[in-house]
Amino acid sequence: RDQRVVEYGMWNGQFLRLTHLMGFENALCAMLEEPEACDALFAAITDYKIKLVERIAKHFKPDIITSYDDIATERGLFMSPGTYRSLIKPHHKRLNDAIRANGIVPFIHTCGKCEEIIPDYIEIGTSAWTSAQPMNDIEGILKKYGSQIAVVGGYDTNGRPGLEDATIEEIDAEVKRCMETYGPFGSYVFMGFRLM
């Protein structure tokens, strides 16, 4: 343990849990039509997750907890940034605060184009954003925010390099692109995988 970083993945964040209960369309409609009820549900989910963090900290003692909440598509957020800020962000912050209070570093996993809310992730104390996908301006984010947040990812998992039949040359070229484009920034961490 003194030579490895240990991460605990906390799946099904507040928004994702709502979509699992209602489906994406109904969840998004509920956030507009019944924001108070959604807020109450997000609070209850966060209360549960905070209790889980306390148990994880006591028994597992990870260095990092990554909260998974995919609130974006390849084209942008599922909701407006304002809706994220009013309904989800306070609960993300409360969970991050609990993670930090237990001596653990908070990461957030958000696939898709979520660059609009990277400043919000920084504001709520998120140490790293994973899995950053290249439909975001990763280079611009690294230039603008520097060491305020680590960016983990960069590999084009949705393009040719991410496919099962990708050639070694395609994979090598994508790894090289990531390292040459993002690598010079001290807050970048490469992560890539292929769909099998």
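Me: Which residues of helix H1 are buried?

Reply: Helices (H or I, at least four residues) and strands (E, at least two) are DSSP runs, numbered from the N terminus. Buried means under 20% relative accessible area, exposed over 50%, and partly exposed in between, with a 1.4 Å probe and protein chains only. In helix H1, residues 14-22, the buried residues are Gln14, Phe15, Leu16, Leu18 and Thr19. The model is predicted: local features need pLDDT of at least 70, side-chain atom pairs count only at pLDDT 80 or more, and totals for chains, interfaces and linings use all residues. Residues are numbered from 1 along each chain as its sequence is written, and side-chain values use heavy atoms, with hydrogens and water left out.

Me: What covers the buried residues of H1?

Reply: Contact means heavy atoms within 4.5 Å. The cover of the buried residues of H1 includes H2, H3, strand S2 (64-68) and H4. After H1 comes Gly23, with a positive phi near 85 degrees.

Me: Which residues does Leu28 touch?

Reply: Leu28 belongs to helix H2, residues 24-33, and is partly exposed, with a relative accessible area of 23%. Residues up to four places away in sequence not being counted, Leu28 touches Phe15, Phe78 and Met79. Met79 is 51 residues from Leu28 along the chain, yet their C-alpha atoms are separated by 7.5 Å.

Me: How is the sheet to be read, and in what order do its strands lie?

Reply: Strands of a sheet pair through backbone hydrogen bonds, either parallel or antiparallel. Two strands are taken to pair if DSSP finds at least two bridges between them. Here six strands form an open sheet in the order S1-S2-S3-S4-S5-S6, with parallel pairing. Strand S1 (7-10) and strand S6 (188-191) are the edge strands, each pairing on one side only. Direction ignored, neighbouring strands of this sheet are turned by 20 degrees against each other on average.

Me: How many bridges join S5 to S6, and which helix packs on the sheet by touching both strands?

Reply: S5 and S6 run parallel and are joined by four bridges. Axes are lines fitted to C-alpha atoms, for helices over the stretch in contact, and angles run from 0 to 180 degrees between N-to-C directions. H7 packs on the sheet and touches S5 and S6, its direction making about 170 degrees with that of S6. H4 lies across S1, S2 and strand S3 (105-109), and runs at about 145 degrees to S3.

Me: How many salt bridges are there?

Reply: A salt bridge is a side-chain nitrogen of Lys or Arg within 4 Å of a carboxyl oxygen of Asp or Glu. By this rule the count is ten. One of them joins the side chains of Asp47 and Arg94, at 2.8 Å from N to O. Asp47 lies in helix H3 (residues 35-59) and Arg94 in helix H4 (residues 81-101), so this pair ties together parts 47 residues apart in sequence. Asp47 is partly exposed at 39% relative accessible area, and Arg94 is partly exposed at 31%.

Me: With which residue does Arg160 form a salt bridge at 2.9 Å?

Reply: The partner is Glu170, 2.9 Å being the distance between the closest N and O atoms. Arg160 lies in the loop between strand S5 (150-154) and helix H7 (168-181), and Glu170 in helix H7, so the pair ties together parts that are ten residues apart in sequence. Arg160 also meets Asp165 in a salt bridge, at 3.1 Å from N to O. Asp165 is exposed, with a relative accessible area of 53%, whereas Glu170 is partly exposed, at 27%.
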